[in-house]
Amino acid sequence: LVATKAGDVIYERFYDRLSEAEKADVRAAFFQASHGARLEDGRDHAAAYKGARFVFVPQSDLIFYLMGSGDCDELAGVE
């Protein structure tokens with residue numbers, strides 16, 4: 001997911017089949033984690049969402065969010 005620092009979604013892609021409510025829950029977790037973080041360009045951050053991990057990286061006015069899922073959770077070892 002790519003969003004502005006103000007929270008406007010520019011692009012998102014979910015590879016798992018999620019309902020709109022589940023997608024909204026993921027977005028909320030992303031935005032909640034980044035809202036309270038000290039955002040420095042290019043500095044990566046890690047956070048938890050249920051049983052998964054995700055990372056986000058601010059760059060200029062954008063924040064890039066990435067979360068692994070299922071058997072292909074490469075982000076689980078990020079910390």
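Mentor: A residue is called buried when its relative accessible area is under 20%, exposed when that area is over 50%, and partly exposed in between. Please keep in mind that this is a predicted model.

Trainee: How many helices and strands does the protein chain have?

Mentor: The protein chain has 1 helix and 5 strands. Along the sequence, these elements follow the pattern β-β-α-β-β-β.

Trainee: What share of the residues is buried?

Mentor: Of the 79 residues in the protein chain, 29% are buried. The accessible surface comes to about 5300 Å², and 49% of that surface belongs to carbon and sulfur atoms.

Trainee: Let us turn to the helix. How many residues does α1 have, and how far does α1 reach?

Mentor: Helix α1 has 16 residues and spans 22 Å between its first and last C-alpha, which is close to the 22 Å expected at 1.5 Å a residue.

Trainee: Which residues of α1 are buried?

Mentor: The buried residues of α1 are K23, V26, R27, A29, F30 and S34. Around the axis they cover an arc of only 155°, so they lie on the same side of α1.

Trainee: And which residues are exposed on the other side of α1?

Mentor: A21, Q32 and H35 are exposed there, on the other side of α1.

Trainee: What covers the buried residues of α1?

Mentor: The cover includes four strands: β2 (9-11), β3 (45-49), β4 (52-59) and β5 (62-67).

Trainee: R27 and K23 are on that buried list. Why does R27 count as buried?

Mentor: The relative accessible area of R27 is 18%. The cut-off for buried is under 20%, and therefore R27, at 18%, counts as buried.

Trainee: What joins the side chains of R27 and E12?

Mentor: The side chains of R27 and E12 are joined by a polar contact of 2.8 Å. If neighbours within four places in sequence are left aside, R27 is in contact with L1, V9, E12 and E20. R27 itself is located in α1, which runs over residues 20-35.

Trainee: Is K23 buried or exposed by its relative accessibility?

Mentor: K23 has a relative accessibility of 19%, so K23 counts as buried. K23 also lies in helix α1. Apart from neighbours within four places in sequence, K23 is in contact with F14 and L18.

Trainee: New topic: aromatic rings. How many aromatic pairs are there?

Mentor: The structure holds 5 aromatic pairs. In one of them, the rings of F30 and F54 have their centres 4.7 Å apart and their planes at 55°, so this pair is tilted. The pair links distant parts of the chain, because F30 belongs to helix α1 and F54 to strand β4, 24 residues apart.

Trainee: Are F30 and F54 buried or exposed?

Mentor: Both are buried. F30 has a relative accessible area of 4%, and F54 has a relative accessibility of 1%.

Trainee: How is the aromatic pair of F30 and Y65 arranged, stacked or tilted?

Mentor: F30 and Y65 are stacked, with 4.9 Å from centre to centre and 5° between the planes. This pair also links distant parts of the chain: F30 is in helix α1 and Y65 is in strand β5, 35 residues apart. Y65 is buried, with a relative accessible area of 4%.

Trainee: Which residues do the ring pairs link into a cluster?

Mentor: The cluster contains F30, F31, F54, F56 and Y65.

Trainee: Moving on to the loop between β4 and β5: what is the phi of S60?

Mentor: Phi of S60 is near 60°, a positive value in a residue other than glycine. Most residues other than glycine have a negative phi. S60 lies in the loop between β4 and β5 and counts as exposed, with a relative accessibility of 52%.

Trainee: And where is D61?

Mentor: D61 is also in the loop between β4 and β5. At 46% relative accessibility, D61 counts as partly exposed.

Trainee: Which residues is D61 in contact with, leaving aside neighbours within four places in sequence?

Mentor: D61 is in contact with A3, T4 and K5. D61 and T4 are 57 residues apart along the chain, yet their C-alpha atoms are separated by 5.6 Å.

Trainee: For the whole protein chain, what share of contacts between residues at least 6 apart joins residues at least 24 apart?

Mentor: That share is 35%.

Conventions
Residues are numbered from 1 along each chain as its sequence is written. This is a predicted model: local features need pLDDT of at least 70, side-chain atom pairs count only at pLDDT 80 or more; totals for chains, interfaces and linings use all residues. Side-chain values use heavy atoms; hydrogens and water are left out. Helices (H or I, at least four residues) and strands (E, at least two) are DSSP runs, numbered from the N terminus. Buried means under 20% relative accessible area, exposed over 50%, partly exposed in between (1.4 Å probe, protein chains only). A polar contact is a pair of N or O atoms within 3.5 Å; within protein, one must be able to donate a hydrogen and the other to accept it, and residues adjacent in sequence count only if both atoms are side-chain atoms. Contact means heavy atoms within 4.5 Å. The expected span of a helix is 1.5 Å times one less than its number of residues. The arc is that of the directions from the helix axis to the C-beta atoms. Rings of Phe, Tyr and Trp (its six-membered ring) pair if their centres lie within 6.5 Å; planes under 30 degrees apart count as stacked, over 60 as edge-to-face and the rest as tilted. Accessible areas come from the Shrake-Rupley method with a 1.4 Å probe; for residues, only the protein chains shown count as cover.
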